[in-house]
Amino acid sequence: MNKKFDLILFDLDGTLFDTTDTILNSIEATIKLLGLRELTKEEVGSFIGPPVVTSLKKFYPYMSDEEIDNVCKEYRKYYIDNELLKAELFPGMLEVLKELKANNYKIALATYKLMRCVTPLFDDKDVTKYFDTLRGSTSEIGMTKTDIMKLAISDCNITDMDKVCMIGDTEHDLRGAINCNLPFLGVTYGAGFKGLTDEEKNYSKLIGMVDRAIDILDKV
């Protein structure tokens, strides 16, 4: 490999793991369980990408913060109990992780996903060993993707941002890269990029987009 970076930051949902069905199944089950207004398939599908709380506030604006929090708790309980470990790495991703590790890259996770979901999933799929650090959301309110990415970079003691590449599948990942002034590689096999701003489309450190996980190796 022609090594271009020292640290690779990965998003989780839609980048490392195919979690679409597990998330959508959990959203639909929670809505039914709590007797909430039914959503269309398109509306349910839009939960892929942003934090669950953001989507809930969009579709149930009449709910109080406390009510939204209770829905999130029910969703997470159902997800962890019934769907979490059904997710699988995208085809070729295990080979990517092995190759990066063999070539002495530092590898980090930066995800909105709660750490109490991340840890059991990574342990079950036996991929924790490839990562230098795992950073996800905690119970703290207001944690952004940028916050999480900065923590992961700090964990790895990297100071040159041009030596860090963020890899993700949504505009939230790209926005985090812009905020941290990082090179960014997009993957198109996940949720996809919807409604990008001109700034995001024209970001000078956008490396490109890949359609398959294995193609990541040619870009980093």
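User: Which residues does Leu 7 touch, not counting residues up to four places away in sequence?

Analyst: This is a predicted model, in which local features need pLDDT of at least 70, side-chain atom pairs count only at pLDDT 80 or more, and totals for chains, interfaces and linings use all residues. Residues are numbered from 1 along each chain as its sequence is written, and side-chain values use heavy atoms, with hydrogens and water left out. Contact means heavy atoms within 4.5 Å. With neighbours up to four places away in sequence set aside, Leu 7 touches Lys 106, Ile 107, Ala 108, Ile 153, Cys 156, Ile 158, Lys 163, Val 164 and Cys 165.

User: What separates the C-alpha atoms of Leu 7 and Lys 106?

Analyst: Leu 7 lies in strand S1; helices (H or I, at least four residues) and strands (E, at least two) are DSSP runs, numbered from the N terminus. Lys 106 is among the residues that Leu 7 touches. Along the chain the two are 99 residues apart, yet their C-alpha atoms are separated by 4.6 Å.

User: Is Leu 7 buried or exposed?

Analyst: Buried means under 20% relative accessible area, exposed over 50%, and partly exposed in between (1.4 Å probe, protein chains only). The relative accessible area of Leu 7 is 0%, so Leu 7 is buried.

User: Why do the buried residues of H7 lie on the same side of the helix?

Analyst: In helix H7 (residues 145-155), the buried residues are Lys 145, Thr 146, Ile 148, Met 149, Ala 152 and Ile 153. The arc is that of the directions from the helix axis to the C-beta atoms. These residues are on the same side of H7 because they cover an arc of only 160 degrees.

User: How many disulfides does a search of the whole structure find?

Analyst: A disulfide is a pair of cysteine sulfur atoms within 2.5 Å. The sulfur of Cys 180 is 13 Å from the closest cysteine sulfur, in Cys 165, and is therefore too far for a bond. Across the whole structure, the number of disulfides found is zero.

User: Is Ser 55 buried or exposed?

Analyst: Ser 55 is found in helix H3 (residues 52-59). Leaving out residues up to four places away in sequence, Ser 55 touches Ser 46, Phe 47 and Pro 50. With a relative accessible area of 4%, Ser 55 is buried.
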